[in-house]
Amino acid sequence: MTRVLHVLDHSLPLHSGYTFRTRAILKAQEQAGLDVRGITSQRHQLEAPTEDAVEEVDGLTFHRTAGVPHGPMMVSEMREMAALSSAIQELAKDWRPDVIHAHSPALCGGGAYRAAQALGIPLVYEIRAFWEDAAVGNRTGTEGSAKYRLTRSLETQVVKRADAVFTICQGLRDDLIARGIAPGKIGVMPNGVDLSLFGEPLPRDDALAAELGIENGAPVIGYIGSFYDYEGVDDLIASMPILRRSCPSARLLLVGAGEMDAEWRAAAARLPEPEAVIFTGRVPYAEVERYYSLIDVLAYPRKRSRLTDLVTPLKPLEAMAQRRIVAASNVGGHRELISHDETGYLFAPDDPEACAETLAEILSSREEWEAVRHRGEHHVRTRHDWATNVQRYLSVYQVLLADVNRDSGSLPSARQHGLRA
């Protein structure tokens, strides 16, 4: 049985789009007959500190790298990669992986590369986002800064050294090709959904609606996700007075939390009718479906930026899997997931009026909803089902393992074989 070690920034029990994608990948690979484990970097300890060297979460095994990042810039990152590499090599003494599959950020890729070289096994590197752009998007970094340039440079070096590379979407792949990376080395593994988690959508939860003060029959626009600036929920809030001119009873339901919580609550409080916007705060994952049941249209108003043009989000796919109507800003990441008027709706980014106009059109054409829901669900089932897409990983692993000559220590890269995934 092929053993694959996934190298991760963080994992379950933390909840994020990153950890949910990881869970889906590992579960799908297990079902495909692989023996899989994860190992997290020291950054996991910053969010979910534990003294346990190994944790079992949701039936999955995660090893923890001890310690936390420390020291000045560059020194801290070098120490972090060294600690991760050492932890991987220590784990390999007892649980010998056949493939190391590292996931962004580049610090994970850098640590994994050192370990893969020492162990003489293939390295697959997967990019979910360029973390320098993510830092700009969540206001913890500045485009063009020294840290931005160093992070980008490290990423490029890891991609060049890895034996095979995956990105989660075409936008990221195109950016790497523009950096001079051979196209045949880079496969695309799109964001996906574990459809086994989605049954029939729940009926409207009238008790929850009453608790939140949502009147029966009131149109509900919803956003479920993290509260980061680049998500553009401030534009969605600003669109509500415009939308309520044609749909006076429309409500906006915001489920989640994050760094923008206070600013967005303040923006809603300044509306002429602040009661139009309902904040729930963070809710337990097991309860999220109850909130989905109240929402007519899931809205994703991401602002235009390098991050949102290059990276595809997960939430619209989950909404379509639950047969929900999706409306999203017309940025590159959304265009890879949504066909306007077919599987969902697109509107101009950074434009509350365009958002309101599209939402009003959707609410006034309920007779079209069932067809759109059907096409959206079909799109997810045929193109974003992990049970099917996981085969792309397996084909790449097979090529790499067929090339390993452990006696000579040689390891031809996927690029030499024109590997395309």
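1. On conventions, the model is predicted, and local features need pLDDT of at least 70, side-chain atom pairs count only at pLDDT 80 or more, and totals for chains, interfaces and linings use all residues. Residues are numbered from 1 along each chain as its sequence is written, and side-chain values use heavy atoms, with hydrogens and water left out.

2. The largest nonpolar core has 65 residues, and those with the most contacts inside it are Ile221, Leu236, Ile237, Leu243, Leu253, Leu254 and Val297. Helix 15 (residues 352-363) gives the most to this core, with six residues. Apart from it lies another core, of 38 residues, among them Leu5, Leu91, Ala92 and Cys108. A nonpolar core here is a set of buried Ala, Val, Leu, Ile, Met, Phe, Trp, Tyr and Cys residues joined through side-chain atoms within 4.5 Å, where buried means under 20% relative accessible area, exposed over 50% and partly exposed in between (1.4 Å probe, protein chains only). Helices (H or I, at least four residues) and strands (E, at least two) are DSSP runs, numbered from the N terminus.

3. Leucine 236, from the largest core, is in contact (heavy atoms within 4.5 Å) with Ile221, Tyr223, Leu252, Leu254, Ala299, Pro301, Cys355 and Leu359, once its neighbours within four places in sequence are left aside.

4. The count of aromatic pairs comes to 10, under the rule that rings of Phe, Tyr and Trp (its six-membered ring) pair if their centres lie within 6.5 Å, with planes under 30 degrees apart counted as stacked, over 60 as edge-to-face and the rest as tilted. Tyrosine 18 and tryptophan 131 form an edge-to-face pair, at 6.2 Å centre to centre and with 85 degrees between the planes. This pair links distant parts of the chain, with tyrosine 18 in helix 1 (residues 17-31) and tryptophan 131 in helix 5 (residues 131-137), 113 residues apart. Tyrosine 18 counts as buried at 11% relative accessibility, whereas tryptophan 131 is partly exposed at 28%.

5. Tryptophan 386 and tyrosine 393 form a stacked pair, at 6.5 Å centre to centre and with 10 degrees between the planes. Tryptophan 386 counts as buried at 2% relative accessibility, and tyrosine 393 likewise at 0%. Elsewhere, ring pairs link Tyr223, Phe227, Trp264, Phe279 and Tyr300 into a cluster.

6. Threonine 167 is found in strand 7 (residues 164-167) and counts as buried at 0% relative accessibility. Leaving aside neighbours within four places in sequence, threonine 167 is in contact with Ile127, Leu172, Arg173, Leu176, Ile186, Gly187, Val188 and Met189.

7. Glycine 171 is placed in helix 7 (residues 170-178) and is buried, with a relative accessible area of 10%. With neighbours within four places in sequence left aside, glycine 171 is in contact with Leu310 and Glu336. The C-alpha atoms of glycine 171 and alanine 129 are separated by 10.0 Å, the two residues being 42 residues apart along the chain.

8. Glutamate 51 is found in the loop between helix 2 (43-47) and strand 3 (54-57), and is exposed, with a relative accessible area of 84%. The C-alpha atoms of glutamate 51 and glutamate 215, 164 residues apart along the chain, are separated by 48 Å.
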